[in-house]
Amino acid sequence: AIRDRQAAWVLARHDARLRAEIARGLTTVLRRYAWTGADADCRLWFRMQAEARRLNYEVDRNGNQWAWLGDPAAGDAVVTGSHLDSVPDGGAFDGPLGVVSAFAALDELRSRGVQFKRPFAITNFGDEEGARFGLACVGSRLTAGRLTKEQAYELRDADGVSLPQAMEAAGYDPEAIGPDPERLARIGAFVELHVEQGRALDLSGDAVGIASAIWPHGRWRYDFAGEANHAGTTRLVDRRDPMLTYAETVLSARREAELAGAVATFGKIAVEPNGVNAIPSLVRGWLDARAADQDALDTVIAGIETASRDHAARHGIDLTVVRESFTPVVEFAHALRDEIASVLGEKTPVLGTGAGHDAGILSESIPTAMLFVRNPTGVSHSPAEFAAEDDCVAGVLALADVLEGLACR
Ligand code: GLV
Ligand code: MN
Ligand code: MN
């Protein structure tokens with residue numbers, strides 16, 4: 001067992017080839033978008049890990065990958081995993097840490113010689129970040145019936161490529177996508193290990209924590225339509241410049257978030273025609289807003305829209321606001337959380353998070369739980385995201401302990 005040998009990162013230590021693959025496929029490519037070449041590399045890596053461990057590999061109707069030990073038809077399966085895709089210029093740990101740790105935890109359990117009493121699977125959910133098509137957790141949403149095939153077919157990337165076109169180009173059948181209740185009915189528990197995306201564990205001095213809840217969160221598209229015109233010859237008073245309204249809205253979002261105790265971010269914009277010497281005709285900004293409870297989120301969203309409509313009226317701008325996605329608050333299953341706390345020790349910190357996860361999407365259908373691993377930088381969705389080797393090992397051991405408790409007793 002790696003605990004005995006005080007081994008470092010178990011996968012990397014055991015196999016130099018694997019280490020190179022992890023580095024190449026998972027940690028050096030910081031733009032791992034759904035159904036691209038980088039995604040295919042990650043998927044190939046997952047499949048190789050499954051086959052190297054003699055697990056039964058399958059891809060479900062929504063393109064999520066599964067590696068099974070035992071017969072899934074027996075039901076009450078214990079499943080662990082996360083995602084391998086990333087945000088633009090993301091880090092090496094958000095997602096991959098959960099998948100790599102799942103394989104490492106299985107290695108650990110096998111070296112302990114434990115017997116699995118229930119079917120067990122490791123999974124990689126597709127398109128968790130929504131970096132390409134704008135909607136997060138597409139793989140788990142489809143599986144849980146929280147995104148219909150018709151809605152999924154409407155999704156388009158920045159180049160106008162639709163989700164079914166992208167899936168087909170990557171060699172998957174987009175006709176097959178849709179809810180998968182039979183698959184979910186066979187799962188008794190899903191546990192996702194994830195790098196922490198804040199500094200709570202660093203501050204408390206703990207390597208591993210347990211998730212309590214996920215904040216309600218959503219994405220809203222703000223379209224500010226004005227009038228394209230010459231940047232040199234158009235008098236300031238004659239302009240209908242949507243960039244001004246956009247800028248004022250960003251400031252209002254910050255102010256409203258402070259007032260409501262929420263967070264609100266414009267992290268992505270598109271400008272038309274996007275010329276240095278042209279007043280824009282259109283500025284499109286995407287607002288990501290999250291809060292600890294629904295009331296605070298409603299307050300901040302309403303406050304930002306009201307302020308933005310005021311700014312728009314003053315500049316002669318037409319404003320359209322569209323809610324593109326929304327995920328209500330998730331309170332992880334208390335029984336499973338308590339069971340995990342009893343395995344890891346009652347002193348293990350229990351943390352809420354503002355980040356979305358596949359475990360949150362699935363929590364409506366099946367009991368889910370999450371483990372967090374300390375991130376000393378507290379930074380995530382950036383290459384500065386980090387977890388020390390010892391903490392990664394602590395995460396693997398904690399996950400192995402939890403899985404042993406769930407699947408082997
Ligand atoms: C996913 O990481 C999200 O919280 O947006
Ligand atoms: Mn993320
Ligand atoms: Mn993630």
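Colleague: Which strand is Ala369 found in?
Modeller: Ala369 sits in strand 15, residues 368-373 (strands are DSSP runs of E of at least two residues and helices runs of H or I of at least four, numbered from the N terminus). This is a predicted model, in which local features need pLDDT of at least 70 and side-chain atom pairs pLDDT 80 or more, while totals for chains, interfaces and linings use all residues. Residues are numbered from 1 along each chain as written, chains are lettered from A and ligands numbered from 1 in written order, and side-chain values use heavy atoms without hydrogens or water.

Colleague: Buried or exposed, that Ala369?
Modeller: Ala369 is buried, because its relative accessible area is 2%, where buried means under 20%, exposed over 50% and partly exposed in between, with a 1.4 Å probe and protein chains only.

Colleague: Switching to the metals, what are the protein donors of the manganese ion, ligand 3?
Modeller: His83 through NE2, Asp94 through OD and His194 through NE2 lie 2.0 to 2.2 Å from ligand 3, a donor being an N, O or S atom within 2.8 Å of the metal (3.2 Å for Na, K and Ca), with water absent, so that sites may look incomplete. Asp94 also coordinates the manganese ion that is ligand 2, and the two ions are 3.6 Å apart.

Colleague: Which residues surround ligand 1?
Modeller: Glu129, Arg290, Ala355, Gly356 and His381 do, each with a heavy atom within 4 Å of the ligand.

Colleague: What is the distance from a polar side-chain atom of Arg290 to an oxygen atom of ligand 1?
Modeller: That pair is 2.7 Å apart, while side-chain N or O atoms of Glu129 and of His381 are each 3.1 Å from an oxygen atom of ligand 1. The protein buries 94% of the 190 Å² that ligand 1 exposes when taken alone (Shrake-Rupley areas, 1.4 Å probe).

Technical notes: Polar contact = N/O pair within 3.5 Å; in protein donor to acceptor, adjacent residues only side chain to side chain.
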